[in-house]
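The exercises below ask you to read a fold from its sequence and coordinates, and each task is followed by a worked solution.

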Amino acid sequence: MAAAATSCFVVVLALCLLVSMALMAGHYYGRAELVAGPGCSRLVRANPLFVQDITVRAAEEEGSGASGLVLYGLAEIPGLLDDVPAVWSEARRVVLPANSHKEWVYFLNSGSQIEVNCSVEPGTGLTNPLRITIAQAGKVGFTQWSEEPSVHGTGAVRQSINSSDDYYVTVSNLRDQDTTVTLDFRISAVLYNTSGAEYACSPSPGSSGCTYRLPILGENVAVLSSGLKQGVKVELSYGPRWIVYFVGSAILAVSLLLLYEVLSVLLGFCCAVVADQRTTTATTTASLLECKEEEEGGSRGSSFESVSSHDGEAGDEEEGRRLCVVCCDARRDCFFMPCGHSATCHACGTKIVEGDASCCPFCRRKLKKVRR
């Protein structure tokens, strides 16, 4: 039993560790690659009970650290600077191949605004060759994208941001010819107030990055901010708090083991009760059906005394009790040997002795013969 319990404990503990590592490497606390576009101010939150640190690395292909990428660490969630938005403009000249599109991604907080003006170079001779759309990253279906602000051909599209998320600005060429288009972006972005940050680090491309350690108690958060000049690709990763996973896995394994032991005891008790009832029933049935063998040392004289005793008492019994216990019609006119009991008529007694289970109806002893 001890060996089985130990094996069960080891298996459960290994399973809990595997589940914990799968959670750590999964969707919630796995690595994520994202684009910190111009004017990005992204709030990064993690459960400090399971996450020990937040690390940000800049992609090497971005060149120098002039992108203005900074990782801030704060003891509480900062507020948004609604009254002082960051405003900047971008001008882009894009050549779109036939039946293709180009997109740009911006992370914008709630309260921001974006406006895109589009113009096609003169001389293209195309009617409504373009479609410009501003769509939230969480909307992936064509139906949802078609509901977003858009414009066909030359014109402007505007959108006010109601929820913080990545937003895509896409320009699609709907014709079978290459098209040259000029885009003017005007963005008013609401940024987080990082003046009270207790940690600030600017990761340079190719380095180990910046790591902000979270205390296990508290509501610490991080803010990833970029400059207004250009976007930068970054890699965001989380460091697991191993001690919590190990202790939690051990507690879960012990709890499951105790539950296993309790269920084993309950099932064993129930099985024991059922087995005891079956044994009692089988013993009672066997004692009723078993024919007693003739005891060694028994004498035929004692059998005749039993007959005489029964015959003497028979004179005092009622007439109904003198009848055969088998047919209940004829009188008792015989006795069995060697027990000496008188219970049947001679015809029924002969049938009992000659049958397979030739036992006395009274004492269940094995019968040898019947006499009148």
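**Exercise 1.** How many bridges join strand β2 to β15, and in which sense do the two strands run?

Solution. The model is a predicted one, in which local features need pLDDT of at least 70 and side-chain atom pairs count only at pLDDT 80 or more, while totals for chains, interfaces and linings use all residues. Residues are numbered from 1 along each chain as its sequence is written, and side-chain values use heavy atoms, with hydrogens and water left out.

Strands (E, at least two residues) and helices (H or I, at least four) are DSSP runs numbered from the N terminus, and two strands pair if DSSP finds at least two bridges between them. Strand β2 (residues 41-44) is joined to β15 by four bridges, and the two run antiparallel; R42 has L224 of β15 as its bridge partner. Strand β4 (residues 70-74) also pairs with β15 in the antiparallel sense, over five bridges, and here G73 has A222 as its partner.

**Exercise 2.** Decide how many of the residues of strand β15 are buried, and on which faces they lie.

Solution. Buried means under 20% relative accessible area, exposed over 50%, and partly exposed in between (1.4 Å probe, protein chains only). Five of the five residues of β15 (residues 221-225) are buried, so this strand is largely enclosed by the rest of the structure. V221, V223 and S225 lie on one side, with A222 and L224 on the other, and both faces are covered. For the chain as a whole, 37% of the 372 residues count as buried.

**Exercise 3.** Give the strand order of the open sheet that contains β1, and name its edge strands.

Solution. Four strands make up this open sheet, in the order β1-β16-β3-β14, with antiparallel pairing. The edges are β1 (32-36) and β14 (210-213), each of which pairs on one side only. Between β1 and strand β16 (residues 232-240) there are five bridges in the antiparallel sense, and L34 stands opposite V234 in β16.

**Exercise 4.** Which residues of helix α5 are buried, and what covers them?

Solution. In helix α5 (residues 346-354), the buried residues are C348, G349, I352 and V353. They cover an arc of only 135 degrees around the axis (taken from the directions from the helix axis to the C-beta atoms), which puts them on the same side of α5. The exposed residues K351 and E354 are carried by the face turned away from that buried side. The cover over the buried residues includes β17 (335-337) and β18 (369-371), where contact means heavy atoms within 4.5 Å.
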